[in-house]
Amino acid sequence: MWLMAQTWQQLLFTHWPMPANHLRRVVPPQLEIDTFADQAWLGVVAFEISRIHLHGLPAVPGLARFPEVNLRTYVRYNGRPGVLFLSLHCPNRLAMAIARPWFRLPYHYADVCHAHHGDAVDFASRSPTGASFVARYCPASAPCAAPPDSLEAWLTERYCYYTAAADGRVYRCDIDHTPWRLARAEAEIHTNTLAAPFRLDLPDAPPLLHCAERTDAHIWPLVRVA
């Protein structure tokens, strides 16, 4: 049975191709780096979370709505694809206090703003450590479902994440939502230093950009798989 429900809104998916060997040192050795056509990827996802509540309970006070940005890559364990979060930044300390022990997620505090201007979204996450992401983005096409065998589907249709403890234990968290309806996106990325703490250099080529309006997600309890 799912543990928590959330709504994710006004998402920007930003992706860069990365050599798998560059990611190996930041991916726990228990996890296989997932690739599409032999290419690994690093992603930044910016969005707003709302309507957070536990199963059978009303919305949690103090968690009504807040923006978040995460840095992630893609992995497999026992053949099952998932996400590995390298970092997550948000301004809600209560959310971090819940997510760190319950879901073993590497949350960090940041001053994050998320504002709408017509079809455009201004997003700014500034961390005291200097890991920041500032961008304006908007859709550049009508949304549609990504073809099942496409890169877009491979990057976004991920229904679990993995996390590994220092003692080698591996955990999986299952997440359920309807398939994404993605639009091509236009974005002006003014600042992106989220990968700097991991000593990962982004390629000079423009990122692959998509956005989505919203989805309702159900999150299952974290389970140990190794």
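Let me begin at the end of a helix, where H2 is followed by Arg104, a residue whose phi is positive, near 50°. Before I go on, please keep in mind that this is a predicted model, and that what I say about it is computed from that model.

Staying with H2, which covers residues 93–103, the buried residues are Ala95, Met96, Ile98, Ala99 and Phe103. These residues lie on the same side of H2, because they cover an arc of only 170° around the axis. As a reminder of the background, an α-helix has 3.6 residues a turn, so residues three or four places apart point the same way. On the face of H2 turned away from that buried side we find the exposed residues Arg93 and Pro101. The N-terminal end of H2 is capped by Asn92, which places a side-chain oxygen 3.1 Å from the backbone nitrogen of Leu94.

In one of them, Trp8 and Trp180 are stacked, with 6.3 Å centre to centre and 20° between the planes. This pair links distant parts of the chain, since Trp8 belongs to strand S1 (residues 4–18) and Trp180 to the loop between strand S12 (170–176) and strand S13 (181–192), 172 residues apart. Are the two partners buried or exposed? Trp8 has a relative accessible area of 13% and is therefore buried, the cut-off being under 20%, and Trp180, at 4% relative accessibility, counts as buried too. Trp8 and Trp180 also belong to a cluster, linked by ring pairs, that takes in Phe13 and Phe47.

My last topic is the largest pocket, whose volume is about 280 Å³. It is lined by 22 residues, and the closest to its centre are Pro143, Cys211, Ala212, Glu213 and Arg214. Two or more lining residues come from each of S1, strand S8 (120–126), strand S9 (133–139), S13 and strand S14 (208–219). Which of these elements gives the largest share of the lining? That is S14, with five residues. S1, the strand that holds Trp8, is thus also among the elements that line this pocket.

Key
Residues numbered from 1 in each chain as written. Predicted model: local features only at pLDDT ≥ 70, side-chain atom pairs only at ≥ 80, totals over all residues. Heavy atoms only, no water. Buried < 20%, exposed > 50% of the residue type's maximum accessible area, 1.4 Å probe, protein only. Helix = DSSP H or I, 4+ residues; strand = E, 2+ residues; numbered from the N terminus. Arc of directions from axis to C-beta. Polar contact = N/O pair within 3.5 Å; in protein donor to acceptor, adjacent residues only side chain to side chain. Phe/Tyr/Trp six-rings, centres within 6.5 Å; stacked < 30°, edge-to-face > 60°. 1 Å grid on protein atoms, 1.4 Å probe; cavity = no way out; pocket = protein on both sides within 12 Å on 5 of 7 lines; lining within 4 Å. Points joined across faces, edges and corners; volume = space filled by probe spheres on them.
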